[in-house]
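The sequence and structure come first.

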Amino acid sequence: MKCRVCRQPAVIDVRRHNANFCEEHFVRLCRDQVVKAIEAFEMLSPGDRVLVAVSGGKDSLALWDILLALGYEVDGLYLGLGIGDYSEGSGHHAREFAAARGLRLLEVDLRSEHGFGIPDGSRAANRPPCSACGLSKRHLFDRAAREGDYDALATGHNLDDEAAVLFGNVLRWEGEYLARQMPVLPAGNGFPRKVKPLVRLGERETAAYCVLRGIDYQVEECPMAAGNRHLGYKAALNAVEAQSPGTRHAFYFGFLDRAADLFRSQMAEVDQGLGTCATCGSPANGEVCAFCRLVDRATGDRGPTHDAAVGRVPVRLESRRDDGVPG
Amino acid sequence: MRVELRNPSRMLEIAGPLSVVALLRRLDIDRETVLVISDGTLVPGDARLEADAEVEIRPVISGGAS
């Protein structure tokens, strides 16, 4: 196989583009796709201070690397979820990436700062682990971005993630979630601007980008995610994509072009009902935000254990609306 | 060739040489869900994997969701 651009030997084939690329031109393709997404959806402006939510996985580390290459001022935020060896590994990869490049990585530890980890907390709160995890991430990432006065919070959601979430929301006609499923959510009501610059890249592409850039990421999958609905939706879309490359892209971007506006009014209704959490001061749908309710149920009011690891940068955090997208 | 699979991590011995596409077909793996890495380098579908190659088949699908 030859690179479509330079005719040198290719290292990867991208079926939905019906093209092969050498290392240099694949890396350029990935960065160009991110530029295209940022410009098309007006995600970021030159000089913006950006906080990237970093899991130690391929998407968030690729995103951090690409935004830096594009000239943005970018810090990372890692959230320790308390999921045993998996969290140890993911934290290691995030720290290694930051240290090797002299980057600033903020850290928040769920157990030491809020008194629970995802496995035990979700059990105690009688909530699915992925649900408790997503809620915690949204709340703590938003809070860090707001309190750090960042211009935007960037997450590593890729095309496969967004198409799978869209598929699930369409299957249930979740109008409120469909209204929020945009590549950019503007700042307001106490929330930071939230952007998803990887929406034009599939996860095979972000993984390949990391391999070619020498980024050592967490390959092991979260043990709590095994068998969840989101993976089922991805498998279904992968089966369609295998028969008809490009369908996933057409599904997601077709929604944005032709259907997303139909749901926009439902977002406005929810935003109008937002108040302030009596416990933490974050945006809330009721008297207390969903995250503070989760903390209460997960800890039985036990509170944090204050055993944070030495040497991490503590961040004081806040809350977020439950918009049903992957954390 | 020695083939490493992930999630969970395990090793297989497969007779070679084989193309990447043939190897994935033999293991019944969808090419779009993995990267194939041989001797530390990303290899495309038509690449020939020698009998003594060290190969990693790395899944790319991550599944965290709320």
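## Helix packing in chain A

At what angle do helix 6 and helix 13 of chain A pack? In this predicted model, helix 6 (residues 129-147) and helix 13 (residues 290-299) of chain A pack at about 125 degrees, with their axes 9 Å apart. The two helices are therefore oblique to each other (angles under 35 degrees count as roughly parallel, over 145 as roughly antiparallel, 65 to 115 as roughly perpendicular and the rest as oblique). Axes are lines fitted to C-alpha atoms over the stretch in contact, and angles run from 0 to 180 degrees between N-to-C directions.

Helix 6 of chain A contributes Ala132(A), Leu135(A), Ser136(A), His139(A) and Leu140(A) to the contact, and helix 13 of chain A contributes Ala290(A), Phe291(A) and Leu294(A) (contact means heavy atoms within 4.5 Å). By class, this contact has 6 nonpolar, 2 polar and no charged residues.

## Chain B

Chain B has 1 helix and 7 strands, in the order β-β-β-α-β-β-β-β from the N terminus (DSSP runs: helices H or I of at least four residues, strands E of at least two). Its C-alpha trace spans about 45 × 20 × 20 Å along the principal axes.

Of the 66 residues of chain B, 44% count as buried (under 20% relative accessible area, 1.4 Å probe, protein chains only). Among contacts in chain B between residues at least 6 apart in sequence, 50% join residues at least 24 apart.

## Basis

Residues are numbered from 1 along each chain as its sequence is written, and chains are lettered from A and ligands numbered from 1 in the order written. Local features need pLDDT of at least 70, side-chain atom pairs count only at pLDDT 80 or more, totals for chains, interfaces and linings use all residues, and side-chain values use heavy atoms, leaving out hydrogens and water.

How values were computed. Nonpolar A, V, L, I, M, F, W, Y, C, P; charged D, E, K, R; others polar. Buried < 20%, exposed > 50% of the residue type's maximum accessible area, 1.4 Å probe, protein only.
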